[in-house]
Amino acid sequence: MLLEKMLQSQGFGSRKYCQQLIKNGHVSIGEDTVTDLKLRVQTEHLQFRVFGESYIYREKVYIALNKPQGFECSHQPQHHQSVFSLLPDILIDRGIAAVGRLDQDTTGLLLLTDDGQFLHALTHPKKHVPKVYHVHTADPITEVQLSQLEQGVELRNETGLFAATAVQQLDEYHLSLTIHQGVYHQVKRMIAAVGNKVESLHRQQIGQLVLPELAQGDWIYLSDAQIHLARQST
């Protein structure tokens with residue numbers, strides 16, 4: 001692949017800008033500064049530097065972010081900051097998108113990628129990828145409410161029953177549950193349907209991928225093993 005095209009694919013800007021980076025000696029591979037616009041590079045295991053900062057070539061990117069409160073999962077947020085403001089520009093320029101959305105007041109595991117097939121595999125309703133949430137409720141949780149959540153509840157303007165699995169009471173006001181759909185505000189609406197209210201909501205797991213140990217607002221590139229875990233339903 002031409003070096004300039006490789007840089008462009010990694011989110012460093014337009015073709016013209018990437019050519020200028022090379023011409024001006026801002027790109028290096030190994031110990032060598034590269035100024036040849038016609039240079040072709042092997043992308044497998046490629047490491048390079050731009051302005052002295054090291055990068056690894058990634059055909060696609062898969063990111064886990066520990067989403068804080070007060071951020072919208074949109075490139076054009078309406079009332080709060082965008083989660084994309086937590087990421088470097090080179091990722092934004094790659095066209096990275098959120099794999100599903102979390103409300104601005106919901107925290108926890110958010111996946112982002114520029115791989116459309118991966119995004120589709122985790123968000124299509126027929127895939128039923130499980131998602132584990134930790135819920136803090138306004139009122140004490142009752143045995144009846146736990147049972148109702150497992151048996152399924154009706155949601156307004158939705159068809160059928162919506163049930164949670166692996167429902168576990170953590171303490172008087174906290175529970176953990178797993179959902180397999182993903183309709184609008186599903187957990188909040190399910191909790192409301194059993195006569196309680198969500199005070200705070202945190203997503204802990206997608207598929208078999210548990211939120212990595214990250215401070216709120218921090219992110220990491222997923223390893224191949226972690227990408228595989230996110231796809232797994234059981």
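A residue counts as buried when its relative accessible area is under 20%, and as exposed when that area is over 50%; values in between are called partly exposed. The model discussed here is predicted. By the stated cut-off, Asp114 is buried because its relative accessibility is 15%.

**Arg94 and Asp114**

The structure holds five salt bridges. In one of them, the side chain of Asp114 meets that of Arg94, with an N to O distance of 2.9 Å. Arg94 sits in the loop between helix H3 (89–92) and strand S8 (97–98), while Asp114 sits in the loop between strand S9 (106–113) and helix H4 (116–123), so this pair ties together parts that are 20 residues apart in sequence. Arg94 is also buried, at 13% relative accessibility.

**Helix H6 and its partners**

Another salt bridge joins the side chains of Lys188 and Asp103, at 3.1 Å from N to O. Lys188 belongs to helix H6 (residues 186–193) and Asp103 to the loop between S8 and S9, so the pair ties together parts that are 85 residues apart in sequence. Lys188 is partly exposed, with a relative accessible area of 22%. Asp103 is partly exposed as well, with a relative accessible area of 23%. This pair is part of a network of salt bridges that links Asp103, Asp105 and Lys188.

Arg189 forms a salt bridge with Glu158, and their closest N and O atoms are 3.3 Å apart. Arg189 lies in helix H6, whereas Glu158 lies in the loop between strand S11 (153–154) and strand S12 (161–162), so the pair ties together parts that are 31 residues apart in sequence. Glu158 counts as partly exposed, at 30% relative accessibility.

| Salt bridge | N to O distance |
|---|---|
| Arg94 and Asp114 | 2.9 Å |
| Lys188 and Asp103 | 3.1 Å |
| Glu158 and Arg189 | 3.3 Å |

**Cysteines**

A disulfide is a covalent bond between the sulfur atoms of two cysteines. How many disulfides does the structure hold? The count is zero. Cys18 is buried, with a relative accessible area of 0%. Cys73 is buried too, at a relative accessible area of 6%.

Key:
Residues are numbered from 1 along each chain as its sequence is written. This is a predicted model: local features need pLDDT of at least 70, side-chain atom pairs count only at pLDDT 80 or more; totals for chains, interfaces and linings use all residues. Side-chain values use heavy atoms; hydrogens and water are left out. A disulfide is a pair of cysteine sulfur atoms within 2.5 Å. Buried means under 20% relative accessible area, exposed over 50%, partly exposed in between (1.4 Å probe, protein chains only). A salt bridge is a side-chain nitrogen of Lys or Arg within 4 Å of a carboxyl oxygen of Asp or Glu. Helices (H or I, at least four residues) and strands (E, at least two) are DSSP runs, numbered from the N terminus.
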